[in-house]
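Reader: I would like to learn how to read the features of a protein model. Please take them one at a time, with the general idea before the case.

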Amino acid sequence: MRTFHVGFEPGHPLVRVRLGAGVLAEIGSEMAALGLSRALVLTTPEQAAQGEAILAQLGPRAHARFSRAAMHTPIEITEAAIAAAHGADCIVAIGGGSTIGLGKAIALRTDLPQIVLPTTYAGSEATPILGQTANGIKETLRSPKVQPEVILYDPELVATLPANLTVTSGLNAMAHAVEALYARDANPLSDQLALSGIRAFRDGLPQVVADPGNLDAREQTLFGSWLCGTVLGSVGMALHHKLCHTLGGSFDLPHAETHAILLPHSAAYNAEAAERELAPAAELFGGSIGGGLHDFAASLNAPLALRDIGLAESDLDRAADLAVKNPYWNPRPIERDAIRALLQSAWQGTRP
């Protein structure tokens, strides 16, 4: 563990977080507490029915529903949503990273407050970070303007999340925490948040996969989601997120699956350079951070190979070239040949 003579600033924006079965019913009371009266409800096309149910629940507090949220937050979708938000005084986003990202993109441009109901574990609701895509390039920014004001974690909303989506979004959240351990600005507080988040998923995900309706395990993993998202918002990103942003924005790969597949490989890439920082997490997975994470993912039937989610082997050279452009800080130097080898291993699904 990091020694405690290192200073730190918590720097977390004020966010109201509620966790427990039934908090879905409290959207109206949260709006009232903030003095809000007209909500634009955001969903993906697949979750439009949930959006309609919220409109009915809100009654006169409902403004409209916008159900075109898409992966990687395309700018053109954001512009259409802003037009739909005309006359609203807040955003209610129900969904995963696509919907939450759209809400953030609207808030960045309009300052509308956000109430978020996550239906996956990605954790982006807990961060002041927005990733958005224009002209095939995904860029990331940090701003307190995109941090949601209220997060409602209802385990009943994820109780029917299919096992494969549960696993990939959980591994996505874990990736935030693993990378936070070796972040340039990591500190004793971020270390504890990260390790607690990793442990919550290590213990909770197998229970959820075995019994998807286990609300106690769902609540444990939702708390892990908040921990992992909060630590992502506290420290800088490194190689893992750069690779995921490159593959997602430039090759349109699914967000959570990409994180899940790359996590063991990016951790293994940094295992020697950040051995001390990663040691507590490695202990949670049998002593080898890369191999242990791969084995954990395999035990949950997670996707293990980029070729299985739509990346062609002929794309690997271009992906490596893009990944080394404008690199994020990383404990090990970002070397093109080494990154190309990492991507080959991830494409094949080889155990690191």
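This is a predicted model: local features need pLDDT of at least 70, side-chain atom pairs count only at pLDDT 80 or more; totals for chains, interfaces and linings use all residues.

Author: Begin with database annotation: UniProt positions are given in the numbering used here, feature names are shortened, and annotations may be inferred rather than shown by experiment. For "domain: Fe-containing alcohol dehydrogenase-like C-terminal", UniProt lists residues 166-347 in an unreviewed entry. Residues are numbered from 1 along each chain as its sequence is written, and side-chain values use heavy atoms, with hydrogens and water left out.

Reader: What are the helix and strand percentages over residues 16-155 and over residues 166-347?

Author: Helices (H or I, at least four residues) and strands (E, at least two) are DSSP runs, numbered from the N terminus. Residues 16-155 are 31% helix and 29% strand, with end C-alpha atoms 17 Å apart. Residues 166-347 are 69% helix and 0% strand, and there the end C-alpha atoms are 22 Å apart.

Reader: How is the protein chain divided into domains?

Author: Domain bounds come from an automatic or database domain assignment. Here they give domain 1 (2-157) and domain 2 (163-348). The C-alpha centres of domain 1 and domain 2 lie 23 Å apart. Their contact (heavy atoms within 4.5 Å) takes 34 residues from domain 1 and 41 residues from domain 2.

Reader: Which residues touch the most other members of the largest nonpolar core?

Author: In soluble globular proteins, nonpolar side chains tend to be buried together. A nonpolar core is a set of buried Ala, Val, Leu, Ile, Met, Phe, Trp, Tyr and Cys residues joined through side-chain atoms within 4.5 Å. Buried means under 20% relative accessible area, exposed over 50%, and partly exposed in between (1.4 Å probe, protein chains only). The largest core has 45 residues, and Leu-171, Met-174, Ile-198 and Leu-293 touch the most other members. Helix 6 gives the most to this core, nine residues. At least three residues of this core come from each of domain 1 (2-157) and domain 2 (163-348). A second, separate core has 23 residues, including Phe-251 and Ile-339.

Reader: Is Thr-166 buried or exposed, and which residues does Thr-166 touch?

Author: Thr-166, in helix 6, counts as buried because its relative accessible area is 1%. Leaving out residues up to four places away in sequence, Thr-166 touches Tyr-121, Leu-161, Leu-205, Val-208 and Arg-218. For contrast in the reading, take Asp-337 in helix 14 (residues 336-348). Asp-337 has a relative accessible area of 61%, so Asp-337 is exposed.

Reader: Which residues are closest to the centre of the largest pocket?

Author: On a 1 Å grid over the protein atoms alone, a pocket is an open set of points where a 1.4 Å probe fits, with protein on both sides within 12 Å along at least five of seven lines; lining residues have an atom within 4 Å of a point. Grid points are joined across faces, edges and corners, and a volume is the space filled by probe spheres set on the points. The largest pocket holds about 890 Å³ of space. Of its 39 lining residues, Gly-96, Gly-97, Ser-98, Thr-120 and His-255 are the closest to its centre. Helix 6 supplies the largest share of the lining, five residues.
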